Amino acid sequence: MHDFDDELREIKREIVESRGLIIKTNNLTNALAADLKSISKRQMAYERRAFWNSASANLLFVIVVIGVVKLAWDARVDAVQAETKGARDRIAKHEADLKEMQQRSDARAKAESDAAAFYELIRAERRQEVIEGFEALRKAPLTRAELAFFSDSVDKARSELSIKSYQTGLDHMRTGRWHEAAVAFEDAIRQKETASHTPSARLNLARAYRRLNRQRDAIPLLMTLSEASPDREVMDDATFLLAECLLDIQAWNDAKTTLRSFIRRFPDSAYINDARLALADVSLRH
């Protein structure tokens, strides 16, 4: 009986120990479950962070790649556009140069044709047409030799027409047709103002003006001739005729001054006696 009680106590003790172990085991299991749950949550949070970090990194990489590609594309587009613009500019320049060359070629061909026609006028001695046509022809792209030849030809035509008009004016003077003479002398001067016969043409024009009672038109011509003329005989006649025109318009003081100048400058003139008589007369009366 004593042994039975001991065994019973031993069994109770083992039961109590077993219960204690079960409670400890349950506590450890719960603690392990809690730890596992915490670890699982931390793992899930880490995985989420890793996922978003990876996604962000990938997105940033894609954005960088797109940016680099865009920059490279823009640079390539700019280079192609610049090259295209340069090619267009070169093409435009070449086209302009070609057009200019074509225009010069056409202008030169036209100038050669006009020059040939103008030369035929010179050969045919159609002087007036030569003079009138030269102003338009000189604007054409002629060579220096062509321009010099045509200029000389026009100058020669002017001289010939001037001489012809001068001779016509002399013929009208001999027959007393003073208006026609004035027109002819005016044309002679207009055709060639620097010809050797031009001073004589001016003097005779002044004579015609006086005959036509146009002394005021004659006086400016005569004043120029009396002051400066390459021909002394023309200067002599012009000074005396100037005095006569001044007397005609009753410019007494100017007439006396001119007559005194004539007597002093041209003592050997054929008009010296007439000048002295005219000066004495005008001095006596005015």
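Predicted model: local features only at pLDDT ≥ 70, side-chain atom pairs only at ≥ 80, totals over all residues.
In what order do the elements of the chain run from the N terminus on? They go α-α-α-α-α-α-α-α-α.

Figure 1. Residues are numbered from 1 along each chain as its sequence is written, and side-chain values use heavy atoms, with hydrogens and water left out. Of its 286 residues, 27% count as buried (under 20% relative accessible area with a 1.4 Å probe, protein chains only; exposed is over 50% and partly exposed is in between). Take the contacts between residues at least 6 apart in sequence: 51% of them join residues at least 24 apart (contact means heavy atoms within 4.5 Å).

**Figure 2. Helix α6 against helix α7.** Two packed helices are described by the angle between their axes and the distance between the axes. For α6 (residues 215-227) and α7, that's about 145° and 8 Å (axes are lines fitted to C-alpha atoms, for helices over the stretch in contact, and angles run from 0 to 180 degrees between N-to-C directions). The crossing is left-handed, meaning that the near helix is turned anticlockwise from the far one by less than a right angle (clockwise would be right-handed). Among the residues that meet here are Ile-219 and Leu-222 of α6 and Ala-238 and Leu-242 of α7. By class, the contact has 12 nonpolar, three polar and two charged residues (Ala, Val, Leu, Ile, Met, Phe, Trp, Tyr, Cys and Pro are nonpolar; Asp, Glu, Lys and Arg are charged; the others, Gly among them, are polar).

**Figure 3. Helix α8 against helix α9.** The axes of α8 (residues 252-265) and α9 (residues 272-285) come within 9 Å and cross at roughly 145°. This crossing is left-handed. Contributors include Trp-252, Leu-259 and Phe-262 from α8, and Ile-272, Leu-279 and Val-282 from α9. The contact counts nine nonpolar, one polar and three charged residues.

**Figure 4. Aromatic pairs.** There are four aromatic pairs (Phe, Tyr or Trp rings, the six-membered one for Trp, with centres within 6.5 Å; planes under 30 degrees apart are stacked, over 60 edge-to-face and the rest tilted). Tyr-166 and Phe-185 have ring centres 5.9 Å apart and planes at 55°, so the pair is tilted. Tyr-166 is in α3 and Phe-185 in α4, so the pair ties together parts 19 residues apart in sequence. Phe-185 is buried at 0% relative accessibility. Phe-240 and Tyr-271 are stacked, 4.9 Å centre to centre with 10° between the planes.

**Figure 5. Around Asp-236.** Asp-236 is found in α7 (residues 232-248) and counts as buried at 12% relative accessibility. Leaving aside neighbours within four places in sequence, Asp-236 touches Phe-262, Phe-266, Ser-269 and Tyr-271. Ring pairs link Phe-240, Phe-262, Phe-266 and Tyr-271 into a cluster.

How values were computed:
Helix = DSSP H or I, 4+ residues; strand = E, 2+ residues; numbered from the N terminus.
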